[in-house]
Structure formats: structure tokens, C-alpha cells
Amino acid sequence: MREPLTRTLGLADEDATDRLGQQLASALGDRPAGWLMLLEGELGAGKSTLARAMLRAWGLTGAVPSPTYTLVEPYEFAGFTAYHIDLYRVVDEEELEFLGFSDMGDGLRLIEWPDRAQSLETGADLLVRLSYAGEGRLATLTALTPRAIEALSGCLLYTSDAADEYNPV
């Protein structure tokens with residue numbers, strides 16, 4: 001297997017996080033079934049904002065609640081199901097089975113707070129770490145599998161409206 005591909009992008013504001021989510025959705029294409037994406041970051045760092053932007057990029061309209069209390073929010077799209085999963089309230093990794101995690105493998109799994117289940121990183125395609133950086137955020141993207149490296153290696157990620165501000169991934 002190739003070495004993971006890692007890039008760090010500056011996100012000036014919530015709009016930049018939205019653009020990153022849209023571009024990640026585009027990089028995954030219209031059939032991201034089977035992908036496992038881990039979203040790490042402190043409370044308020046933008047994990048739900050990023051997931052919401054991806055879901056909207058695939059055509060979701062209406063409210064996109066954070067799954068903090070429901071733990072799992074499923075979304076049906078043409079050709080795949082996306083599961084937005086929040087593990088903040090999970091105490092033990094074994095609780096994943098009670099959530100039906102093993103039945104979600106055919107869909108896209110966007111997982112917030114993956115550190116609550118350390119084994120998830122083993123099967124993850126993409127790890128996105130969001131951290132505070134002054135008034136903005138930093139997004140560190142790590143493509144962990146060959147398909148994630150392929151999906152992101154030729155993608156230019158723009159995080160501002162200025163055409164000359166981009167980071168190749």
C-alpha cells in the first residue's frame with residue numbers, strides 16, 4: 001500500500017468549511033458507498049458543518065441536524081445511503097453494534113468523534129482533522145487508502161472565493 005497522503009488547508013470561516021465539504025463530496029463522486037470518513041476535532045471545530053456541506057452537495061435539502069442525540073442520521077440518495085454518525089456519547093467501542101454499525105458498511109459513513117472507537121481508523125478511507133487556528137480553522141486531510149489517495153490526488157481544493165488561493169491535494 002502507498003503511504004498516506006496528507007495535506008493541511010486553512011479555513012478562514014464557515015463558508016470555507018462549506019466549500020471544502022462540497023469539494024470533498026465532488027472528489028468522492030456520486031457513488032461514495034462503502035467509504036468510511038472520520039471527522040476529528042474539538043467541540044465547535046466544524047465537523048457537523050463539513051458533513052452538512054457534503055450532504056447538501058449530494059442534493060440534500062432541508063434540515064440537517066447534528067446526530068449528537070440520535071447518534072445516527074441516515075440520508076438516502078440515488079445510488080447510496082449516507083450515515084452521519086456522532087460517537088460523542090459512546091462510552092465503549094462495543095456500543096457500535098447496538099447502533100447497527102456493521103449494517104452500514106454498504107453506505108458512506110461520516111463519523112464524528114471517532115476517537116471513541118479507536119479501531120475505526122484501521123478501516124478508514126479518509127481522516128479529516130479540524131482544529132482552531134486563530135479566528136479560523138485548519139483542516140488536515142489524510143487519505144489512508146488507495147482509493148482515497150486516488151480520489152484526492154488530482155483534486156484542487158479551494159477554500160476561498162479568490163481564484164488564486166488554493167491548495168492542491
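Colleague: Which strand is the place of Ala143?
Modeller: Ala143 sits in strand S7, where strands (E, at least two residues) and helices (H or I, at least four) are DSSP runs numbered from the N terminus. This is a predicted model, in which local features need pLDDT of at least 70 and side-chain atom pairs count only at pLDDT 80 or more, while totals for chains, interfaces and linings use all residues. Residues are numbered from 1 along each chain as its sequence is written, and side-chain values use heavy atoms, with hydrogens and water left out.

Colleague: Is Ala143 buried or exposed?
Modeller: Ala143 counts as buried because its relative accessibility is 1%, and buried means under 20% relative accessible area, with over 50% called exposed and anything in between partly exposed (1.4 Å probe, protein chains only).

Colleague: And what is Ala143 in contact with, leaving aside neighbours within four places in sequence?
Modeller: Ala143 then touches Pro4, Leu5, Asp125, Leu126, Ala148, Ile149 and Leu152, where contact means heavy atoms within 4.5 Å.

Colleague: How many residues apart in sequence are Ala143 and Asp125?
Modeller: They are 18 residues apart in sequence, yet their C-alpha atoms lie 6.1 Å apart in space.

Colleague: New topic: which residues of helix H5 are buried?
Modeller: In helix H5, which covers residues 146-153, the buried ones are Ala148, Ile149, Ala151 and Leu152.

Colleague: Why do they line one face of H5?
Modeller: Seen down the helix axis, the buried residues of H5 fall within an arc of 165°, so they line one face; the arc is that of the directions from the axis to the C-beta atoms.

Colleague: What covers those buried residues?
Modeller: The cover includes strand S1 (5-11), helix H1 (14-28), strand S6 (126-133) and strand S7 (136-143), and S7 is the strand that holds Ala143.
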